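Morning, everyone. I have one structure to go through, and I will take it piece by piece.

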Amino acid sequence: MTYFRPGLFIRKVFNPLAMATGINGAQTVTAIGRTSGQPRAIPVMPVDVAGATYLVSVRGESDWVRNLRANPTVTVSTKGAKRRFKAGEMPVAERGPIIAAYRDAASKTVDPYWQKLPDPIDHPVFRLTPE
């Protein structure tokens, strides 16, 4: 699978800002690193579809995707509230409506990723189930 690593500005400036402020609907997902065992926080934009909450990897096979596969327990934080979930990866055949809802919610800011990676197989999707 392909992965588009974010640039230095995204990693060092935008991501910390997004996690601190919730800009563009960002929430913080904290997962346990698959090799380090240490908490790893990243900004994401969960999307709700038919009463369920999902995470979509716009950049493909990212570290947070691999971390969730290794340890599916995550914490989602937003504006001081923290909730724990189990993340279950969705089969490729079921990703279409979730990805469409995500793209609608995220607007044009994510379109370049789908131009580079147009196939749903390249965008892991996880359903979050409250613990």
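I start just after helix α3, where Ser107 takes a positive phi of about 60°. Before going on, note that this is a predicted model. The mean pLDDT for the chain is 86, and 83% of the residues score at least 70. Where is confidence lowest, and where is it highest? The lowest is in helix α1, residues 8-21, with a mean of 60, and the highest is in strand β7, at 97.

Back to the helix that Ser107 follows. Helix α3 covers residues 96-106, and its buried residues are Ile98, Ile99, Tyr102 and Ala106. These residues sit on the same side of α3, because the arc they cover around the axis is only 95°. Which exposed residues are on the face turned away from that buried side? They are Pro97 and Asp104. As for what covers the buried residues of α3, the list includes β3, β4, α4 (111-116) and β7.

Next, the strands in that list. Strand β3, residues 47-49, pairs with β4 in the antiparallel sense, over 3 bridges. Within this pairing, Val49 stands opposite Ala52 of β4. The hairpin of β3 and β4 has 2 residues between the strands, and in it Ala50 takes a positive phi near 50°.

Val56 has Val125 as its bridge partner in β7. Why call β4 largely enclosed by the rest of the structure? Because 4 of its 5 residues, in the run 52-56, are buried.

Now the aromatic side chains. How many aromatic pairs are there? The count comes to 2. One is Trp64 with Phe126: the ring centres are 6.0 Å apart and the planes are at 50°, so the pair is tilted. Trp64 lies in helix α2, residues 63-70, and Phe126 in strand β7, so this pair ties together parts that are 62 residues apart in sequence. Trp64 is buried, with a relative accessible area of 15%. Phe126 is buried too, with a relative accessible area of 1%.

The other pair is Tyr102 with Trp114. Here the ring centres lie 6.3 Å apart with the planes at 40°, so this pair is also tilted. Tyr102 belongs to helix α3 and Trp114 to helix α4, so the pair ties together parts that are 12 residues apart in sequence. Both Tyr102 and Trp114 are buried. Tyr102 has come up already, as one of the buried residues of α3, and α4 is among the elements that cover them.

Last, a single residue in another strand. Thr75 is in strand β5, which spans residues 73-78. Is Thr75 buried or exposed? It counts as buried, because its relative accessibility is 18% and the cut-off for buried is under 20%. Leaving aside residues up to four places away in sequence, which residues does Thr75 touch? They are Thr28, Val29 and Thr30, together with Lys82, Arg83 and Arg84.

That is the tour. I am happy to go back to any part of it.

How values were computed
Residues are numbered from 1 along each chain as its sequence is written. This is a predicted model: local features need pLDDT of at least 70, side-chain atom pairs count only at pLDDT 80 or more; totals for chains, interfaces and linings use all residues. Side-chain values use heavy atoms; hydrogens and water are left out. Buried means under 20% relative accessible area, exposed over 50%, partly exposed in between (1.4 Å probe, protein chains only). Contact means heavy atoms within 4.5 Å. Two strands pair if DSSP finds at least two bridges between them. pLDDT is the predictor's confidence in each residue, from 0 to 100. The arc is that of the directions from the helix axis to the C-beta atoms. Rings of Phe, Tyr and Trp (its six-membered ring) pair if their centres lie within 6.5 Å; planes under 30 degrees apart count as stacked, over 60 as edge-to-face and the rest as tilted.
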